[in-house]
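Subject: Structure handover

Hello,

Here is the structure I promised to pass on. Please open it before you read my notes.

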Amino acid sequence: MQKHLAFFLSLIFVFGSIAGCLGSDDDSNSDKEGDITEETGNEPDNSTIEPDVSPYAIICPDGTNGTLEWGVETCAEPDIFKTADVSNETVNLTLEWYNIAATEWGNYGPVEIYVIGDDLDAAKDLEDVYCERHKALDANWNEEWDCANENYQIFTRYVDEGGAAISTFKRTYLEYDFMMMIMSAKYPGPEEDDYKPVTLHEYFHIFQHSQISDECSGDSRDACERDPKMGGKDKPWFAEGGAEFMAQSLYSTQDGVGENYLREVMQRKLEMSQEGYNSQDEELDQLGYDSEVNVYDVGSWFIAYLIHNEGESAFIDGFYGDLDELGFETAFENNFNKTKDEYLAEFYTFFSQPAEDVMALFPEHSDTEEQTE
Ligand SMILES: [Zn+2]
């Protein structure tokens, strides 16, 4: 809460001077409450009520007033932490690709990025930093189970296992909501090109989670509305397919990335998954993380197919714009004009075609002029 208090105090201080500035620019509009209602979106009718400063008010990096609240686009930069053995170069690389994603899909927060190296003790030290930080930020933070322990190796497991992840802390018992992004030194490591699309992939999860306002209990055995909105509890097809396809798609448009990059990535995913998927009976939306067929690969193809048919805006703005209010199934049907099951059935027909016909979604760059619409 200390951080909020600091923001709150500085907001009061800055607000006075900004209100003065606005007043001198346009005297007819110098009413202080008017300025506040504009900022917070309150009804003008409420202008007789004393303005209350939002607990989410912050000062932006450029000195202007902003908001840092779950689900609301923000000017805030993520807080980034690293283990002692991670270089500043890796931190800068991570931020560079984080910002490319945030520019594309909207900057959401609060986000804390933790970059883990390959030194176990350094990872333990960072777990202590994390624990102290959240004890200070949130009176309800429970040191016993929210900080690292025998069964909850927050950062140390990444020293061995590598990889990257997003965790959400939108919980009924917590005061301070945030998302945690963990990047590590392997699978992929920062020296690999794959580190870049993986950073974009993780950010797309931040975008997804930011569109969902429900809170969880913190006990994974309890049902939580966040799960069906992500596509189903432990059912990664939609969330992972979306993050993977959107990340590779965005990466393919960056400077220095080959013209046929996306086609090649999708070709590889097809080769890895098509035969295996088509020769089994499990529905795509029922596959788990540990299924024999790689649900990321088939999921990416489903999202590619969906976006090919409906357009990216129907997915990003339409579906994700409606998701929180309408829930997964209705948001799906309203924006893609079929039920989820109808769309899946159509996708299975598409995906059972010969590979070259499936690949027609991604024409080769050299002859795109003839082939694309
Ligand atoms: Zn993912």
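Below is what I found in it, from the whole chain down to single contacts.

Two points on the source come before the rest. This is a predicted model, where local features need pLDDT of at least 70, side-chain atom pairs count only at pLDDT 80 or more, and totals for chains, interfaces and linings use all residues. Residues are numbered from 1 along each chain as its sequence is written.

**Overall**

The protein has 16 helices and six strands. These are DSSP runs, numbered from the N terminus: helices are H or I with at least four residues, strands are E with at least two. Of the 373 residues, 32% are buried. Buried means that 20 or more other C-beta atoms, placed from the backbone, lie within 10 Å of the residue's own. Take the contacts with a separation of 6 or more: residues 24 or more positions apart account for 66% of them. A contact needs C-beta atoms, placed from the backbone, within 7 Å.

**The sheet**

Four strands form an open sheet in the order S3-S4-S6-S5, with mixed pairing. Strands S3 (79-82) and S5 (165-169) stand at the edges with a single partner strand each, so one side of each has no neighbour in the sheet. Neighbouring strands are turned by 20 degrees against each other on average, direction ignored. Strands count as paired if DSSP finds at least two bridges between them.

S3 and S4 run parallel, joined by four bridges. Here Ile80 stands opposite Ile113 in S4. Ala165 stands opposite Ile182 in S6.

How many residues of S4 (residues 111-115) are buried? Five of its five. Val111, Ile113 and Val115 lie on one side, Glu112 and Tyr114 on the other, and both faces are covered.

**A helix pair**

Helices H10 (residues 261-278) and H11 (residues 295-310) pack at about 110 degrees, with axes 8 Å apart. Axes are lines fitted to C-alpha atoms over the stretch in contact, and angles run from 0 to 180 degrees between N-to-C directions. The two helices are therefore roughly perpendicular, a term that covers 65 to 115 degrees.

H10 contributes Met266, Lys269, Leu270, Met272, Ser273 and Tyr277 to the contact, and H11 contributes Asp297, Val298, Ser300, Trp301 and Ala304.

Best wishes

Technical notes
Parallel < 35°, antiparallel > 145°, perpendicular 65-115°, else oblique. Contact = placed C-beta atoms within 7 Å. Buried ≥ 20, exposed ≤ 12 C-beta atoms within 10 Å, placed from the backbone.
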